[in-house]
Amino acid sequence: MEVVKNFITDTLGLARYLEDNLPSPASDVFSLAERGEASILVPQIVMGEFIYISMKGRLRLADPKGAVKQAVDELRGTSFIFQSNFPEDRWDIFLSLDIPELHDRLIAAKELTRSLSLFSTALYF
């Protein structure tokens, strides 16, 4: 039985995936997930930030509110993308990290204790 790989996406990765505008390495990760060979965790902060930037018009969307609702519904309906909650015991980790960006610090603090791979499309743009 093949081991399913687990990844965590940041907001840019999620947005670019939904826009079908991923660089090759990130696209490969989502392709693995679509084939059932991986799963992708979406921290709540990523979902919140995605909705926020979409509603602020920072993504290429003709109808931001409708597109966000459709995207959230589609994400909930996938078999390979899962939301990840932020447990209270991670705040000490959050405070100890040397990551300047708030959202990235929350993502790292949440998932640092797990054996998962974080991929960021920011590395490829």
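**Aromatic pairs and helix contacts in a predicted model**

Glu49 has its place in helix α3, where helices (H or I, at least four residues) and strands (E, at least two) are DSSP runs, numbered from the N terminus. The model is a predicted one, so to speak of local features takes a pLDDT of at least 70, side-chain atom pairs count only at pLDDT 80 or more, and totals for chains, interfaces and linings use all residues. Residues are numbered from 1 along each chain as its sequence is written, and side-chain values rest on heavy atoms, with hydrogens and water left out.

Back to Glu49. Setting aside neighbours within four places in sequence, Glu49 is in contact with Thr11 and His103, contact being heavy atoms within 4.5 Å.

Glu49 has its place in helix α3; helices (H or I, at least four residues) and strands (E, at least two) are DSSP runs, numbered from the N terminus. The model is predicted: local features need pLDDT of at least 70, side-chain atom pairs count only at pLDDT 80 or more, and totals for chains, interfaces and linings use all residues. Residues are numbered from 1 along each chain as its sequence is written, and side-chain values use heavy atoms, with hydrogens and water left out.

Back to Glu49. Leaving aside neighbours within four places in sequence, Glu49 is in contact with Thr11 and His103, where contact means heavy atoms within 4.5 Å.

The axes of α3 (residues 44-55) and α6 (residues 102-111) come within 9 Å and cross at roughly 155°. Axes here are lines fitted to C-alpha atoms, for helices over the stretch in contact, with angles running from 0 to 180 degrees between N-to-C directions. The two helices, α3 and α6, are therefore roughly antiparallel to each other; that label applies over 145 degrees, while under 35 counts as roughly parallel, 65 to 115 as roughly perpendicular and the rest as oblique. On the α3 side, Ile45, Val46 and Glu49 take part, and they meet His103, Leu106 and Ile107 in α6. By type, the residues of this α3 with α6 contact split into four nonpolar, one polar and one charged. Nonpolar covers Ala, Val, Leu, Ile, Met, Phe, Trp, Tyr, Cys and Pro, charged covers Asp, Glu, Lys and Arg, and the others, Gly among them, are polar.

Now for the protein as a whole. Its secondary structure comes to six helices and four strands, and from the N terminus on the elements run β-α-α-β-α-α-β-α-α-β. Of the 125 residues in the protein, 42% are buried, with buried meaning under 20% relative accessible area, exposed over 50% and partly exposed in between (1.4 Å probe, protein chains only). Among contacts between residues at least 6 apart in sequence, 70% join residues at least 24 apart.

The aromatic rings come next. A search of the whole structure turns up two aromatic pairs. Tyr17 and Phe30 have ring centres 4.1 Å apart and planes at 10°, so this pair is stacked. For the record, rings of Phe, Tyr and Trp (its six-membered ring) pair if their centres lie within 6.5 Å, and planes under 30 degrees apart count as stacked, over 60 as edge-to-face and the rest as tilted. Tyr17 sits in α1 (residues 11-19) and Phe30 in α2 (residues 24-34), so the pair ties together parts that are 13 residues apart in sequence. Tyr17 counts as buried at 19% relative accessibility, and Phe30 is buried too, with a relative accessible area of 1%.

Trp91 and Phe94 form an edge-to-face aromatic pair, 5.2 Å centre to centre with 75° between the planes. Both Trp91 and Phe94 lie in helix α5 (residues 91-96), three residues apart, or about one turn of the helix. Trp91 is partly exposed at a relative accessible area of 40%, whereas Phe94 is buried at 12%.

Asp20 is exposed, with a relative accessible area of 73%. Ala33, in helix α2, is buried at a relative accessible area of 2%. Leaving aside neighbours within four places in sequence, Ala33 is in contact with Ala38, Ile40 and Phe80. Ala33 and Ser79 are 46 residues apart in sequence, yet 8.7 Å apart in space, C-alpha to C-alpha. Thr9, in strand β1 (residues 5-9), counts as buried at 0% relative accessibility. The C-alpha atoms of Thr9 and Val42 are separated by 5.9 Å, with the two residues 33 apart along the chain.
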